[in-house]
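Welcome! Please take a moment with the sequence and the 3D structure below, and then follow the notes topic by topic.

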Amino acid sequence: MASVARVDLDGNPIKPITICMIGAGGFIGSHLCEKLMSETPHKVLALDVYNDKIKHLLEPENAHPWSDRIQFHRLNIKQDSRLEGLIKMADLTINLAAICTPADYNTRPLDTIYSNFIDALPVVKYCSENNKRLIHFSTCEVYGKTIGSYLPKDSPLRQDPAYYVLKEDESPCIFGSIEKQRWSYACAKQLIERLIYAEGAENGLEFTIVRPFNWIGPRMDFIPGIDGPSEGVPRVLACFSNNLLRREPLKLVDGGQSQRTFVYIKDAIEAVMLMIENPARANSHIFNVGNPNNEVTVRQLGEMMTEVYVKVSGEPKLETPTIDVSSQEFYGVGYDDSDKRIPDMTIINKQLGWNPKTSLWDLLESTLTYQHRTYAEAVKKAISQASATS
Ligand SMILES: NC(=O)c1ccc[n+]([C@@H]2O[C@H](COP(=O)([O-])OP(=O)(O)OC[C@H]3O[C@@H](n4cnc5c(N)ncnc54)[C@H](O)[C@@H]3O)[C@@H](O)[C@H]2O)c1
Ligand SMILES: O=c1ccn([C@@H]2O[C@H](COP(=O)(O)OP(=O)(O)O[C@H]3OC[C@](O)(CO)[C@H]3O)[C@@H](O)[C@H]2O)c(=O)[nH]1
């Protein structure tokens, strides 16, 4: 059946483009590559140091109808002479590359700052010098803490959205003090945003900046001791999944009182596709991409994940499903946290007409089904081997 001609939001035909995707082997990159290969005629130059999460897209020649549209280039953008040539070959560069797990920010602050600022500099330079469009992945963490978090605990103003809703072109960036090295990441992300914005203002760089608000789903991070280092500390979805798989209590840092909004990766990828295929509407904009309807405390997230896991695994929940731990014990010295992250959706609604669709319960059900199917046997084997050798 002839494929229907694809049009953008203004009814114009969408021409096939070549995308240089840096960090394509990661969580977001793997879902974006899947979408681009299965639903569009676009080509992808996939750059990363790893490709485990996109191997299924790269199978031998002719295994897929898209095998001539995706190329994997194993490279580290810190020092690789191929980078500029690959950017020049593409119409659009998407930069996802980062150290972006909070356990690293206060324990590896130099690596974190280099990864999120210094290493991104040549990408911005090559795009600007070669008149190539750039979509750069920043983070909701650039907002840091809410203004409301500095009000007295019992202040009624804390309930006023003006004190906690995060707006791309209005909200300040509020970080803790320098010895709170957790903020090394957010500050590096803020400075690269400012550099990109200045390249746009002074040299006409066509850019879009994305601020993801806790995107979660299959293939996020790793399960420690199974497909990542045993001592590794991934982001909360993988931490809690690991605890559930190992039938351990979930660890609630400082009582799990911080709040987050979570958006399903498949909803978020739709937003990125709209940015890719509607440059006139996306250029020069910063976009919050999140789901303000999915707000929970970390404790509530743990409770919900426990309920969902009982359903997908058939295993009863533990007598003690959660335990409180201090941030110093869990992350070490220099940790600090964002209190609340509610994205204002005005700009992305106006420019791209995007809204998230999936409830937190539904996204956790599909994600924990994936986690259980993918890891349960390997975890059981690891536990029995550990007990046999102890
Ligand atoms: N997932 C989220 O909810 C979220 C939230 C906020 C911001 N972000 C941002 O989105 C981007 C992608 O995040 P993700 O969740 O997919 O993370 P991820 O860690 O799964 O993916 C990042 C990828 O970049 C690659 N990479 C890192 N440094 C590199 C280098 N020097 N050279 C080549 N490749 C390199 C890694 O190998 C990895 O595959 C990051 O910039 C992150 O800061 C993500
Ligand atoms: O076992 C755990 C792990 C974490 N927590 C707490 O959960 C909150 C969320 O933590 P996490 O998912 O690791 O990351 P953050 O949301 O703090 O920051 C990320 O958001 C966006 C991004 O930029 C990239 O993904 C990254 O910086 C937090 O409060 C932890 O303390 C827990 O209680 N138990």
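Let's begin with one side chain: Lys-78 is partly exposed, because its relative accessible area is 45%, a value in the band between 20% and 50%. Keep in mind that you are looking at a predicted model.

**Salt bridges**

- Side chains of opposite charge can pair when their charged atoms come close.
- How many salt bridges does a search of the whole structure find? The search gives 24.
- Lys-78 takes part in a salt bridge with Asp-119, and the closest N and O atoms of the two are 2.5 Å apart.
- Asp-119 sits in the loop between H4 and helix H5 (121-129), while Lys-78 sits in the loop between strand E3 (70-74) and helix H2 (82-89), so this pair ties together parts that are 41 residues apart in sequence.
- Is Asp-119 buried or exposed? Asp-119 counts as buried, because its relative accessibility is 10% and the cut-off for buried is under 20%.
- A salt bridge also joins the side chains of Glu-141 and Arg-182, with 2.6 Å from N to O.
- Glu-141 belongs to the loop between strand E5 (133-137) and strand E6 (165-166), and Arg-182 to the loop between E6 and helix H6 (184-203), so here too the pair ties together parts that are 41 residues apart in sequence.
- Glu-141 and Arg-182 are both buried.
- In another salt bridge, the side chains of Glu-365 and Lys-311 meet at 2.4 Å, N to O.
- That pair links distant parts of the chain, with Glu-365 in helix H13 (residues 360-389) and Lys-311 in helix H10, 54 residues apart.
- Lys-311 is exposed, because its relative accessible area of 53% is over the 50% cut-off.
- Which residues are joined into one network by salt bridges that share partners? They are Glu-141, Arg-182, Arg-260, Asp-337 and Arg-341.

**A nonpolar patch on the surface**

- Leu-110, Ile-113, Tyr-114 and Ile-118 form a nonpolar patch on the surface, and together they have about 370 Å² of accessible area.
- Leu-110 counts as exposed, because its relative accessible area is 60% and the cut-off is over 50%.

**The second largest pocket**

- What volume does the second largest pocket have? Its volume is about 640 Å³.
- The lining of the second largest pocket has 25 residues, and those nearest its centre are Ser-149, Lys-153, Gln-257, Ser-258 and Asp-339.
- Sorted by type, the lining of the second largest pocket has five nonpolar, 11 polar and nine charged residues.

**The cavity**

- The count of cavities of 30 Å³ or more comes to one.
- The largest cavity has a volume of about 100 Å³.
- The largest cavity is lined by 13 residues, with Leu-244, Arg-247, Pro-316, Lys-317 and Leu-318 closest to its centre.
- Helix H7 (236-245) and helix H10 (298-313) each give at least two residues to the lining of the largest cavity.
- Which helix gives the most to the lining of the largest cavity? H10 does, with three residues.
- The lining of the largest cavity is made up of seven nonpolar, two polar and four charged residues.

**Backbone angles to look at**

- Most residues other than glycine have a negative phi.
- Arg-247, one of the residues closest to the centre of the largest cavity, has a positive phi of about 55° although it is not a glycine.
- You can find Arg-247 in the loop between H7 and strand E9 (250-253).
- Arg-247 counts as partly exposed, because its relative accessibility is 36%.
- Asn-214 is not a glycine either, and it has a positive phi of about 45°.
- Asn-214 is located in the loop between strand E7 (207-212) and strand E8 (215-216).

**The start of the chain**

- Where is Pro-13 found? Pro-13 is in the segment before strand E1 (18-22).
- Pro-13 is exposed, because its relative accessible area is 66% and the cut-off is over 50%.
- Pro-13 and Glu-277 are 264 residues apart along the chain, and their C-alpha atoms are separated by 9.8 Å.

Note on methods:
Residues are numbered from 1 along each chain as its sequence is written. Chains are lettered from A and ligands numbered from 1 in the order in which they are written. This is a predicted model: local features need pLDDT of at least 70, side-chain atom pairs count only at pLDDT 80 or more; totals for chains, interfaces and linings use all residues. Side-chain values use heavy atoms; hydrogens and water are left out. Patches are made of residues with over 30% relative accessible area and no salt bridge: like charges are joined within 9 Å, nonpolar side chains (Val, Leu, Ile, Met, Phe, Trp, Tyr) within 5 Å. Accessible areas come from the Shrake-Rupley method with a 1.4 Å probe; for residues, only the protein chains shown count as cover. A salt bridge is a side-chain nitrogen of Lys or Arg within 4 Å of a carboxyl oxygen of Asp or Glu. Buried means under 20% relative accessible area, exposed over 50%, partly exposed in between (1.4 Å probe, protein chains only). On a 1 Å grid over the protein atoms alone, a cavity is a set of points where a 1.4 Å probe fits but cannot get out, and a pocket is an open set with protein on both sides within 12 Å along at least five of seven lines; lining residues have an atom within 4 Å of a point. Grid points are joined across faces, edges and corners, and a volume is the space filled by probe spheres set on the points. Ala, Val, Leu, Ile, Met, Phe, Trp, Tyr, Cys and Pro count as nonpolar, Asp, Glu, Lys and Arg as charged, and the others, Gly among them, as polar. Helices (H or I, at least four residues) and strands (E, at least two) are DSSP runs, numbered from the N terminus.
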